[in-house]
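Me: I have a two-chain model open and want to learn how to read the contact between the chains. Can you take me through it step by step?

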Amino acid sequence: MNWSEFFAMGGYAFYVWSAWGLTAVVLAYLFTQAKLRNAKIKAQILRQIERESLVDHSARATNKESGNS
Amino acid sequence: MNLINAFFSSIWGFLNRSFHRLGSPREFFKISNYATPIFGLLFTVLTGYGAYLGLFVAPADYQQGDSYRIIFVHVPSAWLSLFIYMVMATASAIGLIWRMKMAFVVAICSAPIGAAFTFLALVTGSLWGAPIWGTWWEWDARLTSELILLFVYWGIMAVYYAFDERQTAERAMALLAIVGVVIVPIIHYSVEWWSSLHQGATVFRDGGPAMPASMLTPLLLMALGFTFFYGYVLFLRARNMVLDQERKSRWVRELVKSSRATGEAQ
């Protein structure tokens with residue numbers, strides 16, 4: 001098979017490759033967007049957990065100092 | 001008689017249990033752990049093989065030459081734009097009737113995917129129309145109704161994000177999705193009801209598909225592959241939404257902590 005003939009698509013190269021290329025781009029975008037969002041949510045939740053554990057520790061420390069625990 | 005009764009009640013019990021399992025965000029998450037990679041794999045294999053057959057193996061059309069190869073992305077996108085709408089409207093109805101959380105999640109997560117496939121159907125159709133019809137766009141029934149479908153998808157997304165309160169947003173969105181379902185038969189029958197530049201049905205028509213197997217096989221493979229892609233991205237998005245909504249719950253926190261420890265992507 002001749003590759004330049006294949007890419008020429010019988011003179012319809014622009015139309016065929018634009019349609020296929022755009023489809024690939026949109027599908028890749030949907031996939032990437034979902035993956036990035038997943039990483040973002042997980043980072044947010046982790047930060048929240050860390051923040052709460054910090055608050056928890058400092059609260060316990062304060063309680064010890066004042067002799068309330 | 002008793003046996004038949006027992007048989008049906010056990011089937012009913014099984015359906016009931018699976019329904020409730022799927023309805024719980026935590027159970028959904030567990031099931032999607034297995035389903036998501038399977039859908040991703042099926043998409044890759046089917047679409048990969050379909051694209052190979054469509055671009056390399058299928059012969060050129062005797063009238064349209066190689067330009068017809070746009071069909072392999074155009075028709076699956078157009079089918080998906082309608083199929084996703086039906087899933088979204090069905091899930092919306094289930095959510096409203098049975099107050100099922102996960103049904104709303106499926107409906108909302110479907111909308112942007114459906115909009116993306118509608119957009120693709122319109123643009124790839126335009127790219128096909130330009131050389132073959134001699135025009136990029138025509139205000140005819142099929143094209144206009146498909147464009148309206150895109151606006152309906154956008155409207156549904158806008159309504160959902162317009163409300164701060166989650167339950168209100170879910171119900172408003174579901175109601176609009178159910179009302180908007182009238183567009184689906186209009187699009188499907190538009191080429192029969194009105195005279196249109198667009199051709200009639202080629203695959204689902206009386207007397208079977210008007211297409212040789214060398215062209216039909218890649219088309220069906222691509223369509224099936226795109227369907228699994230929809231399922232795949234739907235699972236990814238629904239998992240994100242569940243994580244977001246249940247972020248205060250213990251199981252989500254444990255899961256996020258353990259996924260950091262193992263360096264797992266999901």
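**Reading the interface**

Reply: Start with one pair. Asp244(B) makes a salt bridge with Arg37(A), and their closest N and O atoms lie 3.3 Å apart. Keep in mind that this is a predicted model.

Me: How many salt bridges does the rule find across the interface of chain B and chain A?

Reply: Two. Polar contacts are counted separately: eight residue pairs between chain B and chain A, both residues at pLDDT 80 or more.

Me: Which elements of chain B give two or more residues to the side that touches chain A?

Reply: They are α2 (25-57), α3 (71-98), α4 (101-132), α8 (213-245) and α9 (250-262) of chain B. The top contributor is α4(B), with eleven residues. By type, this side of chain B has 28 nonpolar, six polar and eight charged residues.

Me: How do I put a size on the interface?

Reply: Size is often given as the accessible area lost when the parts come together. Here chain B and chain A bury about 3,500 Å² between them. Carbon and sulfur atoms give 74% of that area. Leu55(B), Asn240(B) and Arg253(B) supply 16% of what chain B buries against chain A, more than any other three residues. As for residues in contact, 42 come from chain B and 33 from chain A.

Me: What confidence values go with the model?

Reply: Where pLDDT is low, the predicted coordinates should not be read in detail. Chain B has a mean pLDDT of 91, with 98% of its residues at 70 or more. For the complex, the predictor gives an ipTM of 0.89 and a pTM of 0.89.

Definitions and conventions
Residues are numbered from 1 along each chain as its sequence is written. Chains are lettered from A and ligands numbered from 1 in the order in which they are written. This is a predicted model: local features need pLDDT of at least 70, side-chain atom pairs count only at pLDDT 80 or more; totals for chains, interfaces and linings use all residues. Side-chain values use heavy atoms; hydrogens and water are left out. Contact means heavy atoms within 4.5 Å. Buried area is the accessible area (1.4 Å probe) that two parts lose on being put together, summed over both. A salt bridge is a side-chain nitrogen of Lys or Arg within 4 Å of a carboxyl oxygen of Asp or Glu. A polar contact is a pair of N or O atoms within 3.5 Å; within protein, one must be able to donate a hydrogen and the other to accept it, and residues adjacent in sequence count only if both atoms are side-chain atoms. Helices (H or I, at least four residues) and strands (E, at least two) are DSSP runs, numbered from the N terminus. Ala, Val, Leu, Ile, Met, Phe, Trp, Tyr, Cys and Pro count as nonpolar, Asp, Glu, Lys and Arg as charged, and the others, Gly among them, as polar. pLDDT is the predictor's confidence in each residue, from 0 to 100.
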